Protein chains: 2
Amino acid sequence: MQFELDRGSREPLYRQLATSVQQRIRSGALPPRTRLPTVRQLAQQLGVTRLTVHSAYAELQAGGWIEATVGRGTFVAERIEQLVLPPEAQLSGDVTPAGVMADLLRMSQLPGLLTLGRADPAPEHFPLRNWQRATELALAAGGGSLMIYTTAQGDLQLRATLAELVRERGFSAGPDEVMVTAGVTNGMSLAVTLLAPPGSTVLVEQPTYLGMLNILAARGVRVVGLPMDGEGLVIDALEEALRQERVAFLYTIPTFQNPSGVCMSVARRAALLELAERHKLTIVEDDIYGRLAYEGAATPALKADDRSGVVIYLSSFSKSLMPGLRMGYLVAAPALIKQLVPLRQAQDICSPLLTQRALSVFIEQGWLHSHIRRMVPRYRERRDALLRAMERHFPIGVTWTRPRGGFSCWVTLPAGFAETELYVSAISRGVAFAPGQVFSGGAPSGAHMRLCFGAEPPERLSDAIVTLGALLRERGTHRDLPTPALGDYVPVV
Amino acid sequence: MQFELDRGSREPLYRQLATSVQQRIRSGALPPRTRLPTVRQLAQQLGVTRLTVHSAYAELQAGGWIEATVGRGTFVAERIEQLVLPPEAQLSGDVTPAGVMADLLRMSQLPGLLTLGRADPAPEHFPLRNWQRATELALAAGGGSLMIYTTAQGDLQLRATLAELVRERGFSAGPDEVMVTAGVTNGMSLAVTLLAPPGSTVLVEQPTYLGMLNILAARGVRVVGLPMDGEGLVIDALEEALRQERVAFLYTIPTFQNPSGVCMSVARRAALLELAERHKLTIVEDDIYGRLAYEGAATPALKADDRSGVVIYLSSFSKSLMPGLRMGYLVAAPALIKQLVPLRQAQDICSPLLTQRALSVFIEQGWLHSHIRRMVPRYRERRDALLRAMERHFPIGVTWTRPRGGFSCWVTLPAGFAETELYVSAISRGVAFAPGQVFSGGAPSGAHMRLCFGAEPPERLSDAIVTLGALLRERGTHRDLPTPALGDYVPVV
């Protein structure tokens with residue numbers, strides 16, 4: 001068996017090998033039940049490490065292309081016919097926040113797919129060398145003591161570093177007001193567990209982050225979606241909702257919202273805080289995109305003007321650094337932290353101490369800031385490429401937001417479009433996006449797509465838009481312009 | 001300011017420095033509000049890296065010895081008087097599973113304390129170099145693609161490795177029956193969330209692991225403790241409990257139980273499975289100590305004889321490798337895994353992919369097995385040192401178990417001893433153990449101590465027992481022998 005590898009390419013060798021094997025299977029050159037060479041044989045033949053072959057085989061096995069039988073060897077999968085079918089056959093068919101989230105997580109392992117589906121950063125620019133240096137520095141100082149348990153609140157050295165870091169978002173905190181979490185999702189999950197018992201009501205922006213809807217659904221919490229416009233959450237609608245019912249909290253992403261891309265205006269923030277104070281409404285602020293601003297500095301966090309302590313501030317390093325770290329944090333009053341800590345202790349005890357210490361070193365060395373400085377122009381370029389391509393290739397009647405930060409662009413389709421059908425068709429043509437309905441805290445109105453531009457370079461974003469544009473045109477060019485209904489999101493072009 | 005460091009010592013430099021500063025504070029040489037040198041100054045003066053000084057300062061700050069004020073410098077803490085008092089002043093006073101767990105996690109940062117309180121492995125023997133090699137090998141093959149998200153069920157390569165690994169515990173599984181968890185605690189937490197709604201009943205062994213009691217209390221689940229004897233869980237008592245009420249599941253640690261150290265006999269295991277099958281009782285098996293057997297091979301897991309799929313198998317690498325990895329796994333029917341995966345997704349999305357892949361490499365390279373082979377004789381030596389010291393230094397009337405694996409020894413005190421008072425007094429003399437009541441799923445009967453021997457070398461274990469023996473004798477030598485009540489644990493000497 002002969003496979004060509006290009007050692008000059010930026011694509012890792014194992015992935016080239018996986019793609020190459022997959023193409024042979026697709027073309028029929030390697031029919032079902034064909035025995036593949038052993039890892040050792042193939043590594044020797046190609047002059048690569050065994051781990052490279054092992055990784056390629058693991059990826060192919062994950063995708064269902066090959067099967068390994070202990071003591072017998074590795075074979076092209078029997079039921080490969082299913083995989084040679086378009087990739088939409090691999091969708092779960094469950095178009096809920098949980099289902100789409102799981103499908104998009106799984107599909108990140110499909111080679112070749114244009115992934116505008118997930119709000120991921122650019123993996124080819126991850127600062128892996130500095131991360132390894134930070135880990136080595138931490139280990140050199142701490143040794144084995146960094147591989148035992150730590151407290152559920154998190155390592156004090158990291159908390160002190162984070163307390164400094166949030167000053168750049170406009171507020172100050174002590175290490176006792178900081179809690180380390182396993183990503184921002186974990187912060188949300190802990191806040192929901194503490195504040196929103198099953199059957200209670202949580203207010204969200206409409207649309208909002210599907211991960212939060214997933215958490216609320218899993219807990220049996222009622223969700224009420226509040227309308228947004230180009231300045232963010234509509235405050236009158238919030239006031240109306242607060243008059244009508246008791247709510248556990250409001251969840252908001254004021255800065256570069258996911259999925260809409262909207263940044264809440266300064267006036268709205270002030271009105272929101274004033275209202276929250278008056279109604280003793282707890283606000284859970286998700287500031288995960290707050291450091292990814294493409295047009296000047298970002299508006300300070302809502303927490304910056306929180307005089308009465310109603311805001312629980314959540315953030316993480318999944319967008320500004322690397323999601324695989326699974327490192328986030330929250331800032332809240334010490335009394336609230338004291339109630340959150342036992343919940344984390346009962347969930348998984350603590351985050352890995354070595355990762356916490358390495359992250360602290362990484363930030364203290366200035367490597368977080370240099371990474372963000374390097375990435376902001378690249379992400380701006382990607383956003384611009386996406387916007388340009390949409391202007392060029394999307395039919396009239398389709399509208400979208402123009403995000404000034406973050407990774408998400410919210411596209412509104414003319415009335416009559418079926419976004420789920422479009423979602424499945426797009427995947428069958430190699431483009432993944434997230435359908436609008438999974439971001440909806442109530443009955444969704446209108447058809448939408450969330451297009452993310454962080455994880456793909458400009459050329460690939462353009463390719464994806466060409467494909468999506470063709471799909472949209474095939475479905476008819478003479479639709480009505482969308483009429484934003486009450487409770488729907490009003491697009492800002 | 002002059003601090004002596006011993007470069008020939010096995011103790012890390014930062015810790016030597018921290019201890020040295022602390023001694024100066026204790027002695028009054030550095031009074032409250034004294035300004036300390038900057039990190040840069042002290043590093044230069046001592047000829048160490050800035051990170052070493054930074055780590056020492058962080059540890060001192062964590063313990064409350066020093067305080068840093070931004071822009072002003074680092075100072076000896078104002079309220080240092082409290083710290084110069086015996087360390088029992090730092091206990092939370094909350095003698096519940098959650099409170100003691102938090103206290104013991106925090107006290108691991110107190111230098112000098114003899115820590116028999118937590119079931120930790122030996123940090124000075126952690127295979128850090130091989131772990132770093134495994135991480136580098138994984139990164140070399142996977143690159144940036146290992147720093148994005150993966151599925152909540154876990155990396156397929158690791159799941160395939162784990163499916164192989166469990167064969168050594170007597171059963172086989174496919175990768176689709178394996179789910180990666182953030183330690184065994186996370187597996188428990190997910191199982192409780194799925195199977196035990198608030199207000200339901202869970203059966204546990206009496207005594208049982210405090211972490212599980214902590215999880216059940218946090219969720220508002222009723223706990224019924226079942227008696228054990230030298231062969232493990234008493235089956236008649238289980239049958240009686242099943243007749244009396246509907247239970248969500250039974251939680252058991254059949255192999256080298258924490259805290260009792262007992263290993264369930266083969267006959268009991270068979271009877272337990274037969275009963276569970278008949279009553280359709282779900283069993284959550286915690287096999288975290290199954291690979292740490294000091295007298296021949298361990299009994300195979302309960303799961304090995306589970307013909308009808310009633311057992312959910314949990315394990316982790318926190319005891320056999322390093323708890324700081326926060327890596328565990330569960331094995332269950334695919335239908336059950338499908339229900340657990342969305343819960344993990346709603347909690348923190350996934351475990352770090354790089355750690356998963358590195359762990360897979362680590363195991364595939366044989367480094368897990370070589371580490372365990374190296375550690376088993378050391379842990380046996382520690383256990384023997386503990387048992388010998390207790391025989392020599394504990395007064396008549398005190399009894400204990402003789403564990404054939406794991407890290408826990410369960411000590412029963414004569415009637416009339418107050419274990420909480422003893423717990424506080426022992427900490428004030430520099431010895432931490434866990435008081436028996438926090439392992440009790442009902443009203444505790446009798447006074448107990450859990451003594452763990454994994455994390456301290458033989459000499460230090462002996463020192464701790466000398467101190468505890470003196471404390472026991474001070475409290476009276478002529479007590480009655482304990483009379484095991486129904487529902488209490490019968491000690492096996």
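**A pair of oblique helices**

Modeller: H2(B) and H3(B) are oblique to each other. The model in which they are seen is a predicted one. Helix H2 of chain B covers residues 39-46 and helix H3 of chain B covers residues 50-62; their axes come within 8 Å and cross at roughly 120 degrees. Angles of 65 to 115 degrees would count as roughly perpendicular and those over 145 as roughly antiparallel, and the pair is therefore classed as oblique. The crossing in which H2(B) passes H3(B) is right-handed.

Which residues bring H2(B) and H3(B) together? On the side of H2(B) they are Val39(B), Arg40(B), Leu42(B) and Ala43(B). Their partners in H3(B) are Arg50(B), Thr52(B), Val53(B), His54(B) and Tyr57(B). Sorted by class, this contact of H2(B) with H3(B) comprises 5 nonpolar, 2 polar and 2 charged residues.

Helix H5 (residues 97-107) of chain B packs on helix H9 (residues 210-219) of chain B at an angle of about 125 degrees, and their axes are 8 Å apart. H5(B) is thus oblique to H9(B). Here H5(B) passes H9(B) in a left-handed crossing. From H5(B), the contact draws on Pro97(B), Ala98(B), Val100(B) and Met101(B); from H9(B), it draws on Leu210(B), Gly211(B), Leu213(B), Asn214(B) and Ala217(B). The contact of H5(B) with H9(B) has 7 nonpolar and 2 polar residues, with no charged residues.

The wider setting involves both chains. A rotation of 180 degrees, with 0.1 Å of shift along its axis, superposes chain A on chain B with an RMSD of 0.1 Å. The two copies are thus related as by a two-fold rotation axis. In chain A, the C-alpha nearest that axis belongs to Gln347(A), at 4.4 Å.

Between the chains, 60 residues of chain A are in contact with 58 residues of chain B. The helices of chain A that each supply at least two residues of this side include helix H3 (50-62), helix H5 (97-107) and helix H9 (210-219). The side of chain A that touches chain B divides into 36 nonpolar, 19 polar and 5 charged residues. Of the interface residues of chain A, 97% are also interface residues in chain B, so the copies meet through the same surface.

Methods:
Residues numbered from 1 in each chain as written. Chains lettered and ligands numbered in written order. Predicted model: local features only at pLDDT ≥ 70, side-chain atom pairs only at ≥ 80, totals over all residues. Least-squares fit on C-alpha atoms with pLDDT ≥ 70 in both. Contact = placed C-beta atoms within 7 Å. Helix = DSSP H or I, 4+ residues; strand = E, 2+ residues; numbered from the N terminus. Nonpolar A, V, L, I, M, F, W, Y, C, P; charged D, E, K, R; others polar. Axes fitted to C-alpha atoms, helices over the stretch in contact; angles between N-to-C directions. Parallel < 35°, antiparallel > 145°, perpendicular 65-115°, else oblique. Left-handed = near helix turned anticlockwise from the far one by under 90°.
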